[in-house]
Amino acid sequence: MKYRPRTFLLELVMIAVAVGFLFPVYVLVTLAFKDQQQIANEPLSLPSPPSVSSFGEAWRSAGLDSALLNSTLITVASVLLLIALGSLAAYFLARTATRLSYSLYILFLVGIILPFQLGMIPLYQLVDDLGLLGTYQGMILFYTGIQLPFTVFLYTGFIRSLPADYTNAALIDGASHLQAFAHVIFPLLRPITGTVLILNAVQIWNDFFTPLLYLGGSGHETVPVRVFAFVNQYTSNYGLVAAGLILAALPILLLFLFLQRYVIRGFASGLKG
């Protein structure tokens, strides 16, 4: 294949786009490793020498220890429920050809299309009436309900792409549908489960508005809410703010890097159905 001027132009465009994405990251990282004097004199240069004092101060000032625990508990519990409920519901929808299964599938698709903000006030009132406002349980139930339609959509498409012979062979051998799902189908769902895990975890971990509304003032605030309050308090201290933002993003970034190979593969497979 010949190297043409158009190829060169496309490469320049991609380099420019990459620089545009990476430059804010570069600024954030360099600010986090500088003291106030370096930031004032050379804000865009590399830190010389690097300083990690901002990270310890940001950790203490923002109260990130408890915030990370809150975010981890809510995210892990919500994702586990989504994987269990979403995969089971998708198995029924994918392997049952009835009007009920089709209607339920359409209902889940509608749940993806409609913005959850339409039901924000009724949902808030419902959570308050149940006595779950300001609790982990309330947030877990909220996220499970909001993210379930998208989870079912991904699982259903992936299960439909699997040959039905696996399920039929297990049923012929005397297994129940639940046993066939648990021992035959679910182990085959590893790629899409990785996609479900990372997409839902990123969405739940980074959500700001819902925890602010449901957990504000309860002591159970998640990382985005604590970081928001921290940034407002230390607006003029750019190094401290940058360190706090890096600490807040690091856990979910590491999870994404660890599971990134499953995201595209599982998402593409889920769309086949």
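The protein contains 13 helices and 0 strands, where helices (H or I, at least four residues) and strands (E, at least two) are DSSP runs numbered from the N terminus. Read along the sequence, the pattern is accordingly α-α-α-α-α-α-α-α-α-α-α-α-α. The model is predicted, with local features needing pLDDT of at least 70 and side-chain atom pairs counted only at pLDDT 80 or more, while totals for chains, interfaces and linings use all residues. Residues are numbered from 1 along each chain as its sequence is written, and side-chain values use heavy atoms, with hydrogens and water left out. Along the principal axes, the C-alpha atoms fill a box of roughly 75 × 65 × 35 Å.

Two domains are assigned, domain 1 (5-50) and domain 2 (62-270), with bounds taken from an automatic or database domain assignment. Their centres, taken over C-alpha atoms, are separated by 33 Å. The contact (heavy atoms within 4.5 Å) draws on 6 residues of domain 1 and 8 residues of domain 2.

Turning to the interface itself, domain 1 and domain 2 bury about 530 Å² between them, and 77% of this lies on carbon and sulfur atoms. Buried area here is the accessible area (1.4 Å probe) that two parts lose on being put together, summed over both. On the side of domain 1, Leu 28, Ala 32 and Gln 36 lose the most area to domain 2, together accounting for 65% of what that side buries.

Between the domains there are 0 salt bridges, defined by a side-chain nitrogen of Lys or Arg within 4 Å of a carboxyl oxygen of Asp or Glu. Helix H1 (5-32) and helix H2 (36-41) each supply at least two residues of the side of domain 1 that touches domain 2, and H1 gives the most, with 4 residues.

Aromatic pairs number 8, with ring centres of Phe, Tyr and Trp (its six-membered ring) within 6.5 Å, and planes under 30 degrees apart counted as stacked, over 60 as edge-to-face and the rest as tilted. One of them, Phe 142 with Tyr 214, is tilted, at 5.2 Å centre to centre and 45° between the planes.
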